[in-house]
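Thanks for passing this one along; here are a few friendly notes to read beside the model.

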Amino acid sequence: MAVPKRKLSKARRDKRRSNVWKLEMPAFSKCPQCGELKAPHRVCGNCGFYKGKEIIKKEA
Ligand SMILES: [Zn+2]
């Protein structure tokens, strides 16, 4: 059996086993076209622009 080099506290050990480290805020980036918050590396849901080009045509 492996001998632990340093003992982790109960809090650190239990935190690793719990789900807290998976609970992170979803990433968001600002759309350069309309300034709306959008998912990164995705076409903007508000204006349909991605990388300076209109991907989804929307009626104004
Ligand atoms: Zn946009």
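1. Please keep in mind that the model is predicted, with local features needing pLDDT of at least 70 and side-chain atom pairs pLDDT 80 or more, while totals for chains, interfaces and linings use all residues. Numbering runs from 1 along each chain as its sequence is written, and side-chain values use heavy atoms, leaving out hydrogens and water.

2. Lysine 38 sits in strand S2 (strands are DSSP E runs of at least two residues, numbered from the N terminus). Leaving aside neighbours within four places in sequence, lysine 38 is in contact with Phe28, Ser29, Cys31 and Cys44 (heavy atoms within 4.5 Å).

3. Two of those partners, Cys31 and Cys44, belong to the zinc site, which also takes in Cys34 and Cys47; each coordinates through SG, at 2.2 to 2.3 Å (donors are N, O and S atoms within 2.8 Å of the metal, or 3.2 Å for Na, K and Ca). The donor spacing is C-x2-C-x9-C-x2-C. Cysteine 31 lies in the loop between S1 (29–30) and S2 (37–38), and cysteine 44, 13 residues apart from it, in the loop between S2 and S3 (49–50).

4. Cysteine 31 is buried at 4% relative accessible area, and cysteine 44 is buried at 2% (buried means under 20%, with a 1.4 Å probe and protein chains only).

How values were computed
Helices (H or I, at least four residues) and strands (E, at least two) are DSSP runs, numbered from the N terminus. Buried means under 20% relative accessible area, exposed over 50%, partly exposed in between (1.4 Å probe, protein chains only).
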